[in-house]
Amino acid sequence: MVLDRRAELGEFLRSRRARLRPEELGLPDYGGRRRVPGLRREELALLAGVSVDHYVRLEQGRTLHFSEEVLDAVARALRLNPAEREHLFRLARPWSGTDAPSPPQTVRPGLRRLLDAAPDVPAYVVGRDTDVLAWNRLAAALITDFGALPPEERNLARLVCLDEGVRALYEDWPGKVADVAAFLRLDSSRHPDDPRTAALIEELSAESAQFRTAWAEHQVKDKTHGRYIYLHPVVGRLDLAYETLRLPDDPDQALIAHTVEEGSPSEAALRLLATLSQQELQDVRGATRPDS
């Protein structure tokens with residue numbers, strides 16, 4: 001199973017049309033019940049300044065040879081953000097890549113040393129498909145003991161969606177799952193023929209109703225910066241911001257570092273977390289899991 005780019009393109013465009021309302025865009029609403037929510041194809045074509053037939057061919061994926069001007073016009077009419085625009089352009093252009101499995105990603109020794117040199121900051125490196133490639137001690141204390149997991153299970157999307165202990169960490173778990181689904185959708189368009197990406201999405205869709213719901217919304221989001229509230233079983237509530245730094249020579253690898261407001265209760269909780277041994281954390285996690 002690999003990404004059907006033509007089908008994905010149509011579903012994505014229909015989902016973006018559905019979130020817009022004629023009155024919001026200065027279009028007349030002639031009343032009557034609409035068969036579908038949001039803008040009609042004719043209305044979108046009018047806003048984009050293209051013929052209805054041209055837009056219909058785009059949405060139906062009849063061809064993947066649309067000009068940059070047409071795609072730009074459609075992106076503006078749909079009010080796409082930068083990540084969504086990138087997604088549209090990838091889906092609507094011929095794919096020149098390969099369906100060969102990607103080689104294993106490796107983390108440079110210098111980057112590993114950088115993680116270890118920041119003991120007060122939970123930090124980790126994420127690769128393709130949200131695989132966790134490297135981490136420091138405080139990231140393991142915050143999220144889970146990545147080192148105790150087999151390499152094939154060190155996947156953030158799988159842990160967030162399917163691991164009860166990691167799921168319980170997030171105060172807004174549905175929001176976290178939505179972020180995971182939105183990032184994986186963007187990643188799938190970057191590597192549409194990668195069987196590992198397709199297999200991960202298929203697994204999560206089959207085993208997690210929350211992921212299945214989020215995936216059906218066709219949201220697209222890159223991981224840049226933001227904040228999550230963690231409910232840690234040992235130190236309690238942590239309000240942490242995060243920043244994402246992509247490697248210039250390997251944009252499929254990203255360093256994610258959490259920060260905390262100085263003098264806040266979360267800073268005190270994070271300092272306490274840094275003093276605990278992995279065994280102490282493992283004992284508490286084991287005692288608080290639903291099946292323990």
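**View 1. Arginine 85 and aspartate 72 form a salt bridge, with their closest N and O atoms 2.5 Å apart.** A salt bridge here is a side-chain nitrogen of Lys or Arg within 4 Å of a carboxyl oxygen of Asp or Glu. Arginine 85 lies in helix 5 (residues 82-91) and aspartate 72 in helix 4 (residues 68-77), so this pair ties together parts that are 13 residues apart in sequence. Helices (H or I, at least four residues) and strands (E, at least two) are DSSP runs, numbered from the N terminus. The model is predicted: local features need pLDDT of at least 70, side-chain atom pairs count only at pLDDT 80 or more, and totals for chains, interfaces and linings use all residues. Residues are numbered from 1 along each chain as its sequence is written, and side-chain values use heavy atoms, with hydrogens and water left out.

View 2. Arginine 85 is partly exposed, at a relative accessible area of 30%. Aspartate 72 has 19% relative accessibility and counts as buried. Buried means under 20% relative accessible area, exposed over 50%, and partly exposed in between (1.4 Å probe, protein chains only). Neighbours within four places in sequence aside, arginine 85 is in contact with Glu68, Asp72, Ala75 and Leu80. Contact means heavy atoms within 4.5 Å. Valine 220 is 135 residues from arginine 85 in sequence, yet the two C-alpha atoms are 9.4 Å apart in space.

**View 3. Aspartate 129 and arginine 196 meet through their side chains in a salt bridge (3.2 Å, N to O).** This pair links distant parts of the chain, 67 residues apart. Aspartate 129 sits in the loop between strand 1 (123-126) and strand 2 (132-135), and arginine 196 in helix 11 (residues 195-207). Aspartate 129 is buried, at 2% relative accessibility. Arginine 196 is partly exposed, at 40% relative accessible area. Threonine 130 lies in the loop between strand 1 and strand 2 as well. Its phi is near 65°, a positive value in a residue other than glycine. Threonine 130 counts as buried, with 8% relative accessibility.

**View 4. Lysine 221 and aspartate 179 form a salt bridge of 3.0 Å, N to O.** Lysine 221 lies in the loop between helix 12 (209-216) and strand 3 (225-232), and aspartate 179 in helix 10 (residues 173-190), so the pair ties together parts that are 42 residues apart in sequence. Lysine 221 is partly exposed, with a relative accessible area of 35%.

**View 5. A network of salt bridges links Glu86, Arg90, Arg190, Asp222 and Arg246.** The structure holds 23 salt bridges.

**View 6. Helix 2 (residues 41-48) and helix 3 (residues 52-59) cross at roughly 110°, their axes coming within 9 Å.** Axes are lines fitted to C-alpha atoms, for helices over the stretch in contact, and angles run from 0 to 180 degrees between N-to-C directions. The two helices are therefore roughly perpendicular to each other, a term for angles of 65 to 115 degrees. The crossing of helix 2 and helix 3 is right-handed, which means that the near helix is turned clockwise from the far one by less than a right angle. Arg41, Glu42, Leu44 and Ala45 in helix 2 meet Val52, Tyr55, Val56 and Glu59 in helix 3.

**View 7. Helix 2 has Glu43, Leu44, Ala45 and Ala48 as its buried residues.** They pack against helix 1 (5-18), helix 3 and helix 4. Glycine 49 follows helix 2, and its phi is positive, near 75°. Another positive phi, of about 55°, belongs to arginine 79, although it is not a glycine. Arginine 79 lies in the loop between helix 4 and helix 5.

**View 8. The largest nonpolar core has 41 residues.** A nonpolar core is a set of buried Ala, Val, Leu, Ile, Met, Phe, Trp, Tyr and Cys residues joined through side-chain atoms within 4.5 Å. Phe211 and Leu273 have the most contacts inside this core. Neighbours within four places in sequence aside, leucine 273 is in contact with Arg137, Leu138, Ala141, Leu142, His232, Val235 and Leu281. Another core lies apart from the largest one and has 30 residues, among them Leu9, Phe12, Leu25 and Leu91.

**View 9. The chain has 14 helices and five strands.** Buried residues make up 48% of its 292 residues. Of the contacts with a separation of 6 or more, 59% come from residues 24 or more positions apart.

Key:
Angles under 35 degrees count as roughly parallel, over 145 as roughly antiparallel, 65 to 115 as roughly perpendicular and the rest as oblique.
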